[in-house]
Amino acid sequence: MDIRHPLDDRLPAMLRSGRTLRAIFNSLPSPAIVEMCAYAGFDFILIDNEHGSAGLDITEHMLRAARASGIPPVVRCLRPDIARVLDMGASGVQIPMVQNAEEARDLVQQVRYPGIGRRGSAFSPRAAGYGAFPGAEHTRRSNEGIALIVMIETEEAAAQAAEIASVEGVDAVFIGPNDLSHSMGFGSDWKAPEVDRVIARALRDIAAAGTCAGIVGLTAEDEARYGAHGARFFATVASSVITRALREAAQPGTPTGGRPVY
């Protein structure tokens, strides 16, 4: 019998592939939305436990939904939750507010098992199939198949983008434009010219280091703008997509396109 391993280990190779990747943040505690994002065709999903309301029990169900529907799941989480979400079977973690290369190196240690890092080893959680896939093979699969994405969200961190991106074990560097804009005193105006210059320089530095560069990409224009500076990983936001679709549907005379979804 062919048993599907609970850990989807495709993501590091995807981030190294050089192709454009499209992901989606989901902060809503719903396995169904995870499946919907998979069926829509996103390359991977970012389960947002930094700003979302999902507890760890719902997060585990969302990871199951991702595996069942075939989309690699990354969990954006705070540092104390790294070990637990990886034991649940996340394909990667995305860690906010990484300020420098030293912090990035420490995160590599937290994400990788001994031999590379210092993550505590256990074969009983879901990531190892509750003991069905233990031992050296689980360690190898985890060290090679789990992605670490770090987030740059301040001007200080953006100035060190090259050093952060050069840390061995960092698979992608994602710029959080809204927090960056706030850190520079421009509020939510992350299209301000001053902020745009910092973003452009950071993306170029990340790409020059040979690391996948990511950023929020809400429109085709965003992708073209940031792609010109080296970004390859673009993320939209599920709640924004849903809200926009609901507003359109609420308007009188909105066409349905003749495609029922019920």
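In this predicted model, Lys191 pairs up with Asp222 in a salt bridge, with the closest N and O atoms 3.0 Å apart. Lys191 sits in the loop between helix H9 (177-183) and helix H10 (193-208), while Asp222 belongs to helix H11 (residues 220-227), so the bridge ties together parts that are 31 residues apart in sequence.

Some share partners, and that is how Asp8, Arg10 and Arg67 end up in one network. Over in helix H6 (residues 135-145), Glu144 and Arg140 are 4 residues apart, or about one helical turn. Their closest N and O atoms come to 2.6 Å. Here Glu144 is exposed, at 51%, and Arg140 is partly exposed, at 35%.

Now move to Arg19, which bridges to Asp43 at 3.3 Å between the closest N and O atoms. Arg19 is in the loop between helix H1 (11-16) and S1, and Asp43 is in the loop between H2 and S2, so parts 24 residues apart in sequence get tied together. Arg19 is partly exposed at 39%, but Asp43, at 19%, counts as buried.

That brings us to H2 itself (residues 31-40), where Ile33, Val34, Cys37 and Ala38 are buried. Looking down the axis of H2, you'd find these residues within an arc of 145 degrees, so they line one face of the helix. Their cover includes strands S1 (21-26) and S2 (44-48) plus helices H3 (56-69) and H12 (238-250). The face turned away carries exposed Met36, Tyr39 and Ala40. After H2 comes Gly41, with a positive phi near 105 degrees.

Note on methods. Residues are numbered from 1 along each chain as its sequence is written. This is a predicted model: local features need pLDDT of at least 70, side-chain atom pairs count only at pLDDT 80 or more; totals for chains, interfaces and linings use all residues. Side-chain values use heavy atoms; hydrogens and water are left out. Buried means under 20% relative accessible area, exposed over 50%, partly exposed in between (1.4 Å probe, protein chains only). Helices (H or I, at least four residues) and strands (E, at least two) are DSSP runs, numbered from the N terminus. The arc is that of the directions from the helix axis to the C-beta atoms. Contact means heavy atoms within 4.5 Å. A salt bridge is a side-chain nitrogen of Lys or Arg within 4 Å of a carboxyl oxygen of Asp or Glu.
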